[in-house]
Amino acid sequence: SEGRGGLDFFFVIDSGTATVSRNGKTINSLGPGDWFGELALIAKGPRTATVTATDELRCGTLASFQFRPFVKAHADVAWAMLVVLVDRLDEAEKR
């Protein structure tokens, strides 16, 4: 949940859908192939949004201690994350 710590995991959606909200307002929808949780792991801070399943949601996870080595070892994943993060930043600036 937004503003909370303690969930030191990165999630990749295998199936199902979820909404992303900030301050009670829906800002995005997620589905298979999308991910969340990376900002809190990269910045080592609280969650910036709340992700809520809208139907049965199945996710793969990486614990915080697995996340950084995985991203460092997979440049294609790191690049894909950078692209998504830039898109999210651009969208946030438009609001």
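**View 1. Ser21 in strand E2 of the predicted model.** Ser21 is found in strand E2. This model is predicted. Ser21 has a relative accessible area of 14%, so this residue counts as buried. Thr52 lies 31 residues from Ser21 along the chain. The C-alpha atoms of Ser21 and Thr52 are separated by 8.1 Å.

**View 2. The open sheet E3-E2-E5.** Three strands make up this open sheet, in the order E3-E2-E5. Their pairing is antiparallel. Strand E3 (25–30) and strand E5 (50–53) stand at the edges. Each has a single partner strand, so one side of each is left without a neighbour in the sheet. From one strand to the next, the twist averages 30°. Strand E2 (residues 18–22) and E5 run antiparallel and are joined by four bridges. In this view, Ala18 stands opposite Ala53 of E5.

**View 3. The open sheet E4-E1-E6.** A further open sheet has three strands, in the order E4-E1-E6. Here too the pairing is antiparallel. Strand E4 (35–36) and strand E6 (58–63) are the edge strands, and each pairs on one side only. Six bridges connect E1 and E6 in the antiparallel sense. Among the residues of this pairing, Ser15 has Arg58 in E6 as its bridge partner. Phe11 has Thr61 in E6 as its bridge partner. On the E4 side, two bridges connect E1 and E4, again in the antiparallel sense. Phe11 stands opposite Phe36 in E4. In a regular strand, side chains alternate between the two faces of the sheet.

**View 4. Helix H2 on the sheet.** H2 packs on the sheet that holds E6 and touches both E1 and E6. The direction of H2 makes about 85° with that of E6.

**View 5. Helices H2 and H3.** Two packed helices are described by the angle between their axes and the distance between the axes. Helix H2 (residues 64–73) and helix H3 (residues 75–94) pack at an angle of about 105°. Their axes are 5 Å apart. Angles of 65 to 115 degrees count as roughly perpendicular, and H2 and H3 are therefore roughly perpendicular to each other. From H2, the contact is made by Phe67, Phe70, Val71 and Ala73. From H3, Ala75, Val77, Ala78 and Met81 meet them. By class, this contact has eight nonpolar residues, no polar residues and no charged residues.

**View 6. Aromatic pairs.** A pair of aromatic rings is described by the distance of the centres and the angle of the planes. The whole structure holds three aromatic pairs. One of them is Phe9 with Phe11: the ring centres are 6.3 Å apart and the planes stand at 50°, so the pair is tilted. Phe9 is partly exposed, with a relative accessible area of 36%. Another pair is Phe10 with Phe67: the centres are 5.0 Å apart and the planes stand at 45°, so this pair is tilted. Phe10 and Phe67 are both buried. Phe9, Phe11 and Phe36 form one aromatic cluster.

**View 7. The surroundings of Phe10.** Phe10 is found in strand E1. Its relative accessibility is 5%, so Phe10 counts as buried. Leaving out residues up to four places away in sequence, Phe10 touches Trp35, Phe36, Gly37, Glu38 and Leu41, and also Gly60, Thr61, Leu62, Phe67 and Met81. Asp76 is 66 residues from Phe10 in sequence. In space, Phe10 and Asp76 are 17 Å apart, C-alpha to C-alpha.

**View 8. Glu38 in helix H1.** Glu38 lies in helix H1 (residues 38–43). At 0% relative accessibility, Glu38 counts as buried. Leaving out residues up to four places away in sequence, Glu38 touches Phe10, Phe67, Met81, Leu85 and Arg88. Phe67 and Met81, two of these residues, take part in the meeting of H2 and H3.

Note on methods:
Residues numbered from 1 in each chain as written. Predicted model: local features only at pLDDT ≥ 70, side-chain atom pairs only at ≥ 80, totals over all residues. Heavy atoms only, no water. Axes fitted to C-alpha atoms, helices over the stretch in contact; angles between N-to-C directions. Parallel < 35°, antiparallel > 145°, perpendicular 65-115°, else oblique. Contact = heavy atoms within 4.5 Å. Nonpolar A, V, L, I, M, F, W, Y, C, P; charged D, E, K, R; others polar. Buried < 20%, exposed > 50% of the residue type's maximum accessible area, 1.4 Å probe, protein only. Pairing = 2+ DSSP bridges. Phe/Tyr/Trp six-rings, centres within 6.5 Å; stacked < 30°, edge-to-face > 60°.
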